[in-house]
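Colleague: Hi! Could you walk me through a few spots in this protein model?

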Amino acid sequence: MVTAVTSATDDLVIGGRTFRSRLFTGTGRYRTLAEMQASIAASGCEMVTVAVRRVQAQAAGHVGLVEALDWGKLWLLPNTAGCQTAEEAVRVARLGREMAKVLGQEDNHFVKLEVIPAGNYLLPDPVGTLQAAEQLVKEGFTVLPYINADPVLAQRLEAVGCATVMPLGSPIGSGQGLRNAGNIEIIIAQAQVPVVVDAGIGTPSEAAQAMEMGAQAVLINTAIAQAQDPVRMAQAMRLAVQAGRLAHLAGRIPVQSYATPSSPPEQRVS
């Protein structure tokens with residue numbers, strides 16, 4: 001029954017494409033390519049994000065990365081990591097679309113849009129992100145923008161045609177969890193496109209929390225790749241996302257300031 005609820009009747013649709021898994025994963029920060037391959041398989045994910053610039057530059061950990069995955073089974077989500085301006089991000093998004101074609105995904109126009117000025121906190125530039133999103137939507141991209149948990153910006157990005165909004169839970173790779181839960185809840189309540197919580201999730205319980213709040217998916221990289229046992233953590237994240245989604249669909253009980261007996265008093269034996 002669980003399988004039916006989480007896949008056959010509760011698919012996620014982004015940009016006209018259907019996904020059964022609501023866990024997206026990354027490809028960076030793994031110790032070995034073999035560990036990455038095994039972890040992605042254990043996660044059950046169907047969409048994997050790849051840093052276009054780092055692959056092109058053959059950066060450490062990215063040599064042979066693209067060739068190590070089966071793109072007949074996985075959907076490529078090129079990302080514009082490393083771009084500090086809107087102009088850079090647009091150029092790299094175009095390169096990402098060409099990469100997808102080379103890998104046999106001719107109809108793949110997806111891009112994870114990141115515009116992040118240099119800094120210790122790696123927080124996205126809201127103005128640059130909006131500017132780049134407007135241009136990429138005009139060029140036919142399916143844009144998944146990475147943003148601060150800003151409800152106003154999320155609405156602006158949806159209005160220009162983005163396929164999702166991707167608010168951060170906390171800074172990239174920090175493992176701090178959902179520090180912006182209140183704003184994320186507002187974004188979810190207002191959005192007419194899927195909301196994907198991206199960045200900061202460190203544990204399966206935090207992934208489940210995001211899904212219980214009503215997020216349609218989560219994107220997790222560092223928490224899996226840097227775990228002591230990435231494969232087991234990938235499995236744990238997979239189950240947590242499924243459980244969180246089922247809990248959201250089931251509907252939690254109201255929070256009350258007083259106790260309610262599980263056995264009504266009128267049913268007691270005197």
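Predicted model: local features only at pLDDT ≥ 70, side-chain atom pairs only at ≥ 80, totals over all residues.

Colleague: Great, helices first. How do H2 and H10 cross?

Modeller: In general, two packed helices are described by the angle between their axes and the distance between the axes. Here the axes of H2 (residues 33–43) and H10 (residues 230–250) come within 7 Å and cross at roughly 20°. Angles under 35 degrees count as roughly parallel, so H2 is roughly parallel to H10.

Colleague: Is that crossing left-handed or right-handed?

Modeller: The crossing of H2 and H10 is right-handed.

Colleague: And which residues make the contact?

Modeller: H2 brings Glu35, Ala38, Ser39, Ala41, Ala42 and Ser43, while H10 brings Pro230, Val231, Ala234, Gln235 and Arg238. Sorted by type, the residues of this contact are six nonpolar, three polar and two charged.

Colleague: Nice. Now the strand: where do the side chains of S10 point?

Modeller: In a regular strand the side chains alternate between the two faces of the sheet. In S10 (residues 217–220), Ala217 and Leu219 point one way and Val218 and Ile220 point the other way. All four of these residues are buried.

Colleague: Which strands does S10 pair with?

Modeller: One is S3 (residues 23–26), which pairs with S10 in the parallel sense over three bridges. Strand S9 (residues 196–198) also pairs with S10 in the parallel sense, over three bridges.

Colleague: Switching topic: where is threonine 164, and is it buried or exposed?

Modeller: Threonine 164 lies in the loop between helix H6 (151–160) and strand S8 (166–167). Threonine 164 is buried, because its relative accessible area is 0% and the cut-off for buried is under 20%.

Colleague: What is threonine 164 in contact with?

Modeller: Leaving aside neighbours within four places in sequence, the contacts of threonine 164 are Ile14, Val143, Leu144, Pro145, Val193, Pro194 and Val196.

Colleague: Last one, arginine 97. Buried or exposed?

Modeller: Arginine 97, found in helix H4 (residues 86–102), is buried, with a relative accessible area of 14%. Apart from neighbours within four places in sequence, arginine 97 is in contact with Asn108, His109, Glu139, Gly140 and Phe141.

Colleague: And how far apart are arginine 97 and glutamate 87?

Modeller: They are ten residues apart in sequence and 16 Å apart in space, C-alpha to C-alpha.

Technical notes: Residues numbered from 1 in each chain as written. Heavy atoms only, no water. Axes fitted to C-alpha atoms, helices over the stretch in contact; angles between N-to-C directions. Helix = DSSP H or I, 4+ residues; strand = E, 2+ residues; numbered from the N terminus. Parallel < 35°, antiparallel > 145°, perpendicular 65-115°, else oblique. Left-handed = near helix turned anticlockwise from the far one by under 90°. Contact = heavy atoms within 4.5 Å. Nonpolar A, V, L, I, M, F, W, Y, C, P; charged D, E, K, R; others polar. Buried < 20%, exposed > 50% of the residue type's maximum accessible area, 1.4 Å probe, protein only. Pairing = 2+ DSSP bridges.
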